[in-house]
Amino acid sequence: MNIIYLSAACSKETFKHLFDKCNRKPIQQGQKYTDLLLSGLVKNGAEVVAVSAYPLSLHNSKKIFFHQKIEAVNGLKYIYLPFVNIPAIRQIFLFFGTLLHLVKLFFIKRNSILIIDALNTSISSAALVISKLFRKKTISIITDLPQYIEINNNQKKIGKDKLLRYLLNTIFSITIHCSNGYICITEQMNSKVNVKHKPFIVINGVCDMHMMGEKNTLQNKYEKKVCMYTGALHEKFGVKMLADAFLKANIPNSECHFYDFGDCSPYLEKLMLIHKNIKYFGMVHNDLVVEEQMKATLLINPRFTNEEYTKYSFPSKNIEYMASGTSVLTTRLPGMPKEFADYVYIIDDETKEGLAEILANILAKTREELHAKGMCAKEFILRENNNLVQTKKIIDMLKDLVL
């Protein structure tokens, strides 16, 4: 099966190079999710070409001219599109670059199916046009809805620019309307976008099957009881509540570590000056984050569940947390499958007082009990959500689509 995957995905090596060079780091979550899907598709026997735009703009790179680059990694071919790094002009280059490369690829791989990142509007709109001309099947992968997207750097909301918001929503809606099927991350999202009841699958998240070989041992853990949060540090995600609740719980011999950045970063920096058990590390590469997760005592996701967007998103951090083998504490997110609750600790009282109480209760448990809970979660998530299992579902759907 020939698949052309259109997104902003890079190989691990290329993304790490970009990450290390940029002062403002490109977002990692989407890259990891797509990388796991691509590697899983290849390992399931698909021939995959990834047509990609570097995840860069003027806010994180001052380089103006990006040339085309072709890279082959582990049976996967990447075509990085050329562009001029100036707003609007960048989108024009990516649109016509996508058109050109798809025409070339269609003559080489005549029976190709397209998987399109529906949120990458410059690439998805070009793919939509050319797929209709060549009568190619297209699958939209939908990891979020435009009205809930934020640009993490400086937390500037796309919605502030009404024209931009209108264009993004229009292109997204057209892409969704014209697609032959969907890959969604929650059942609720499918209900939202799939009004014509086209073929779909739900991929709640993927974890790296290589985590099976990563050992999470009590001997490798911090001596202190370390709570950890990794991901966008936004107050609306419960980050400030977590910091305040941890201090209120006043747990002996404990620390709370925070990674990434967001509107709570200044608040955490101030707390560090006052409280030695609050540690803020900023944004580091995901490889280091995963290493630290395995050394921690408890991984926490305090995201509030009363917001509408939680129905249409499932944080990849919960999957990553569980795959680490360290115990997880999370809220009952609407997009989280019910069976996950058997393998994690749950925050039912989403207040500072409620979180402080459950933190004290959980960290009063023995190291052995907490470790056993985390290892059960790891076994479950690697069995049910590894990238080979999840991408096999995609392959099966594509086969049904072309029959």
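Predicted model: local features only at pLDDT ≥ 70, side-chain atom pairs only at ≥ 80, totals over all residues.
Asn253 sits in the loop that links helix 7 (239-249) to strand 14 (254-259). Its backbone is worth a look too: phi is positive, about 55°, although Asn253 is not a glycine. Most residues other than glycine have a negative phi. Ala88 is another non-glycine residue with a positive phi, here about 75°. Ala88 belongs to the loop between strand 6 (83-84) and helix 3 (89-108).

## Helix 3 against helix 4

Helix 3 packs with helix 4 (residues 121-134) at an angle of about 35°, and their axes are 8 Å apart. The crossing of these two helices is right-handed.

On the helix 3 side, the contact includes Leu94, Phe95, Leu99, Leu102 and Phe106. Helix 4 contributes residues including Ile123, Ala126, Ala127, Ile130 and Phe134. By class, the contact between helix 3 and helix 4 has 13 nonpolar and 4 polar residues, with no charged ones.

## A buried lysine

Lys317 lies in helix 10 (residues 316-324). Lys317 is buried and has no salt bridge. The nearest side chain of opposite charge is that of Asp260, 7.5 Å away, while a salt bridge needs the charged atoms within 4 Å.

What does Lys317 touch, not counting residues up to four places away in sequence? Its contacts are Tyr229, Thr230, Gly231, Asn301 and Arg303.

How values were computed. Residues numbered from 1 in each chain as written. Heavy atoms only, no water. Helix = DSSP H or I, 4+ residues; strand = E, 2+ residues; numbered from the N terminus. Buried < 20%, exposed > 50% of the residue type's maximum accessible area, 1.4 Å probe, protein only. Lys, Arg positive; Asp, Glu negative; His and termini not counted. Contact = heavy atoms within 4.5 Å. Axes fitted to C-alpha atoms, helices over the stretch in contact; angles between N-to-C directions. Left-handed = near helix turned anticlockwise from the far one by under 90°. Nonpolar A, V, L, I, M, F, W, Y, C, P; charged D, E, K, R; others polar.
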